[in-house]
Amino acid sequence: MKQPPQKKDGPPVASSIAASERIGVDRSVEKERKKDLPPPRKQFDDESRGGRAKRRSVLNQPEARNRVELFRHLPPHKNGTQLPSLESKFFELHEKHPAVYKVGLQYLAGDLSGGNARCIAMLQAFQEAIRDYSTPPEKTLTRDLTSKIGGFVSFLIECRPLSMSMGNAIRFLKSRIARLPLTLSESEAKTTLCSDIDRFINEKIVLADKVILRHAATKIRDGDVLLTYGSSCVVEMILLYAHELGKQFRVVVVDSHPMLEGQKLLRRLVVKGLSCTYTQLNAISYVMHKVTRVFLGASSIFSNGTVYSTVGTASVAMVAHAFRVPVLVCCEAYKFHERVQLDSICFNELGDPDAISKVPGRVDVNYLDNLTDKQKENLELLNLKYDATPSDYISVIVTDYGMIPPTSVPVIVREYRKEYLLI
Amino acid sequence: MPDTQALVNDFLNKLKKRKIEGSQATAKQTAELLRSVISQTRMPYTNQAAALIHSVKAVGERLIAANPVELAVGNVVRRVLHIVREEDLSLTTAAMAGLNLSAESDDEDDTDRDNHPALSAAAIAAASRSTLRPPSLQTLLEDVPDSAAVPHTSSSGGDSEGKSKSADKSSRSRKLKHDVIEAVNELIQDISTCHELIAEQAVEHIHQNEVILTLGSSRTVLEFLCAAKEKKRSFRVFVAEGAPRYQGHLLAKELVTRGLQTTLITDSAVFAMISRVNMVIVGAHAVMANGGVIAPVGLNMVALAAQKHAVPFVVLAGSHKLCPLYPHHPEVLLNELRSPSELLDFGEFSDCLDFGSGIGAPLLHVVNPTFDYVPPKLRRA
């Protein structure tokens, strides 16, 4: 039976799982490897593929005003104004589990952000949904549950496009469901799945973070000036851990409009007693003279070593490279992806364009209020969420498998990806 | 003199308090101020040029000290001094050429006082030699004014010649002032029209269907792009907003009002978009003698990205921005830090910024530089 087509670049699980079910659960490793090659992603403006998903979409499509031509292949941003309409539709969406619904709302409103947080929240919501799940008569557990999960995923994609970490986690979950022995009863299957999800979260995220902390803390010396960009939970943990170890260092927090995530990180660091300097992205050439190390987080790392992370990371890495400052990227291994991306345009996420024109807290610079229609038709606002940093700017990647150069990423993907699929 | 003093003090205050925005406005006001200083300077009979130079230098030094980062002030002062010297030189050479060549005597100390032309010629020759001659090392080290050399010769002539000479000299002095003020007017004119002259070259550089990137807001860039638009070149512009002053928003508004296709992007997205851009055009605050550029903050990042993607990086600057100084440690010495309130709201962060709570050292610094230094090798034109 057909899975509902993913509207965008979701993990290529749908076709591969359907194929595996046809052939059988145990198959040779080579065929699996071949099927794991991601098919070309469905682009947003591709009518033939995206049409059915659009019809089934729950949220209204925002109007096509100010759509930048270059990014027509990406779905437009759905901002928080959709919340009331989505809430009103709650009782119509009875097939969506309330936990999943709640997580979707949190994504839409922007309350949950950050690869790890979103992934953990999504997996825990799926856990609850699985616990409450009961197989309808005349259907097998694996197929029905997989299709339900697929439905949840497409709902979450509508709220906010998936991050790479979430995509990998979903792929893991679906493969676990597919591998359930058919002899298990329903309750046993459900508990197995829930414990698998727990193990995934524990091993791949929580413990991985601890290992990364220990590795990265060895790279911080007394008297260092560390620079970080935006707000990454891993980097924050590293800084606090090193501070607890008693190392003396200063932190430079670099921030950018419109997300201004650095302010939250800044507050948390200052509360713990680290001495910090705060500045905006434009001033990095000014501060980079004094910086000794740059720590960056990542949303994902691709097979050619390109780091996919918050927009602006590429600029920071480039300037650090120009000033001969080492750049350390800290990323758990479950976020690696075998895809290759050349630049930031072929795959990205569009944020709220109106967020650019409004500057919070500063009334004097709101130049873009009260535009006439003629002005509006010529003006486009572009708010990208991610960008791709070329691998030559990265010195080392700190993962739970150790500290590796960017060229070793495909090795990790190849060797260790199979490990958790075969658990 | 008193009212020029008042004008000078007023201008000094404005410079110190950073009330004047933009190097063009500063340059123009400096030039106008110097013009009034020159017109008010009392010219002695001998060596007027030195007197002018002295008064301009005195005012100029105070102006430069008031705002050392605003290099346009120093540039204008130097140009006015250059004008004075040039005008003086051209007057003396004209006078020398006008007089009979046969009547010239090369003698400096003892001149033949028989005929007026000869004497005037000698005096003029002496005067011109003093202006032509670069100050000798002795005069520089001992700070002996240049004009001391000349009165010896001309005073001996002045008493005997009397009226004719003084009339000659006063007419020459009036002419010198007049010429200088005319030249300064031309300078002011140049400063005002620099945008048009630069914009005329726009058509050579911008072609059809190009994509141009710029950051922040510069009037020169605006005129440049609009001139190209007038010539019916259709192109698109990406404007990076230029936090924390967000001047990019202003520029984007101006551009769409004039009908240009504009896309406003965040500064963080510059690296992402620059691969699709044909050219980067920016304005500058000042251009140094080694070719390095003092530009609004963030442009070093853009220049590095442009170099990585082999995109031409073009800087537009009026002639009043060309500075003969070499930059030494420009990020610190030629930079200014603005208020941190542009980055962090004091109200929100008052708990972190509160130094008096007993923790000795302040935990939080906020850095908000105004300018960036772009080294010459990153700049294409």
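Is A:Asn282 buried or exposed? A:Asn282 is buried, at a relative accessible area of 1%, where buried means under 20%, exposed means over 50% and partly exposed covers the range in between (1.4 Å probe, protein chains only). Keep in mind that this is a predicted model, where local features need pLDDT of at least 70 and side-chain atom pairs count only at pLDDT 80 or more, while totals for chains, interfaces and linings use all residues. Residues are numbered from 1 along each chain as its sequence is written, chains are lettered from A and ligands numbered from 1 in the order in which they are written, and side-chain values use heavy atoms, with hydrogens and water left out.

**A:Asn282 and its neighbours**

- You'll find A:Asn282 in the loop of chain A that runs between strand S3 (275-280) and helix H12 (284-287); helices (H or I, at least four residues) and strands (E, at least two) are DSSP runs, numbered from the N terminus.
- Its side chain makes a polar contact with the side chain of B:Asp267, at 3.1 Å.
- A polar contact here is a pair of N or O atoms within 3.5 Å; within protein, one must be able to donate a hydrogen and the other to accept it, and residues adjacent in sequence count only if both atoms are side-chain atoms.
- Leaving aside residues up to four places away in sequence, A:Asn282 touches B:Leu215, B:Gly242, B:Ala243, B:Asp267, B:Val297, B:Gly298, B:Met301 and B:Asp372, with contact meaning heavy atoms within 4.5 Å.

**Salt bridges**

- Side chains of opposite charge can pair when their charged atoms come close.
- Over all chains, a search of the whole structure turns up 13 salt bridges, each being a side-chain nitrogen of Lys or Arg within 4 Å of a carboxyl oxygen of Asp or Glu.
- One of them pairs the side chains of B:Arg236 and A:Glu380 (3.0 Å, N to O).
- B:Arg236 sits in strand S2 (residues 236-240) of chain B and A:Glu380 in strand S8 (residues 379-382) of chain A, so this pair joins two chains.
- Within chain B, the side chains of B:Arg219 and B:Glu223 meet in a salt bridge at 3.8 Å, N to O.
- Both B:Arg219 and B:Glu223 belong to helix H10 (residues 219-230) of chain B and are four residues apart, about one turn of the helix; B:Arg219 is partly exposed, with a relative accessible area of 43%.
- B:Arg258 and B:Glu254 also meet through their side chains in a salt bridge (3.5 Å, N to O).
- In that pair, B:Arg258 is partly exposed at 39% relative accessible area, and B:Glu254 counts as partly exposed at 34%.
- Elsewhere, salt bridges with shared partners tie A:Arg160, A:Glu349 and A:Lys385 into one network.

- A cis peptide bond links A:His257 to A:Pro258, with omega about 5°.
- A:Pro258 is in the loop between strand S2 (249-255) and helix H11 (262-272) of chain A.
- A:Arg324 isn't a glycine, yet its phi is positive, near 60°.
- This arginine, A:Arg324, lies in the loop between helix H13 (313-322) and strand S7 (327-330) of chain A, and A:Arg324 is exposed, with a relative accessible area of 70%.
- Over in chain B, B:Ala310 is another non-glycine residue with a positive phi, near 55°.
- B:Ala310 lies in the loop between helix H13 (299-308) and strand S7 (313-316) of chain B, and B:Ala310 is exposed, with a relative accessible area of 59%.
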